[in-house]
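Reader: I am new to this structure and would like to learn how to read a few of its features. Could we go through them one at a time?

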Amino acid sequence: LGIIAVRGVQGLKEAREALLPLADRLALLEDKELKSLEDEKSSYSIGWSHGKETLEGGVPDTFKGSFYANPMHNELEVTEE
């Protein structure tokens with residue numbers, strides 16, 4: 001658990017404010033639609049992730065879902081950096 005502070009990124013505040021309200025729409029999607037938002041090649045660090053992380057004993061964590069997004073870019077992109 002931690003906190004991160006970001007400053008000086010032009011347009012971040014507006015992009016973040018536009019992205020966060022989409023959580024309601026995401027929550028209402030069918031499983032098939034959510035599956036289409038997964039990105040296995042990024043190890044699920046982009047897009048939808050549910051049950052990919054494991055709890056103690058190797059049990060999949062299905063208690064939450066996560067959507068990983070970079071509000072500064074409107075495309076899925078994985079780099080070596």
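This is a predicted model: local features need pLDDT of at least 70, side-chain atom pairs count only at pLDDT 80 or more; totals for chains, interfaces and linings use all residues.

Reader: Which side chain does Lys35 meet in a salt bridge?

Author: The general idea is that side chains of opposite charge can pair when their charged atoms come close. Here a salt bridge is a side-chain nitrogen of Lys or Arg within 4 Å of a carboxyl oxygen of Asp or Glu. Lys35 meets Glu38 in such a bridge, at 3.2 Å from N to O, and Glu38 is buried, with a relative accessible area of 18%. Lys35 and Glu38 are also linked with Lys52 in a network of salt bridges.

Reader: How many salt bridges does the structure hold, and where do Glu17 and Lys13 lie?

Author: The structure holds 4 salt bridges. One of them joins Glu17 to Lys13, with the closest N and O atoms 3.4 Å apart. Both residues lie in helix α1, 4 residues apart, about one turn of the helix; helices (H or I, at least four residues) and strands (E, at least two) are DSSP runs, numbered from the N terminus. Glu17 is partly exposed at 44% relative accessible area, whereas Lys13 is exposed at 56%.

Reader: What does the salt bridge of Lys64 and Glu53 tie together?

Author: The side chains of Lys64 and Glu53 meet at 3.4 Å, N to O. Lys64 and Glu53 both lie in the loop between β1 and β2 (65-68), so the pair ties together parts that are 11 residues apart in sequence. Lys64 is partly exposed at 37% relative accessibility, and Glu53 is partly exposed too, at 36%.

Reader: How many cavities of 30 Å³ or more does the structure hold, and which residues line the largest cavity?

Author: In general, rolling a probe the size of a water molecule over the atoms shows where empty space is left. A cavity is, on a 1 Å grid over the protein atoms alone, a set of points where a 1.4 Å probe fits but cannot get out, and lining residues have an atom within 4 Å of a point. The structure holds 1 cavity of 30 Å³ or more, and about 30 Å³ of space lies in the largest cavity. Its lining is made by Ser49, His50, Gly51, Lys52, Glu53, Asp61 and Lys64, which divide into no nonpolar, 3 polar and 4 charged residues; Asp, Glu, Lys and Arg count as charged, and Gly is among the polar ones.

Methods:
Residues are numbered from 1 along each chain as its sequence is written. Side-chain values use heavy atoms; hydrogens and water are left out. On a 1 Å grid over the protein atoms alone, a cavity is a set of points where a 1.4 Å probe fits but cannot get out, and a pocket is an open set with protein on both sides within 12 Å along at least five of seven lines; lining residues have an atom within 4 Å of a point. Grid points are joined across faces, edges and corners, and a volume is the space filled by probe spheres set on the points. Buried means under 20% relative accessible area, exposed over 50%, partly exposed in between (1.4 Å probe, protein chains only).
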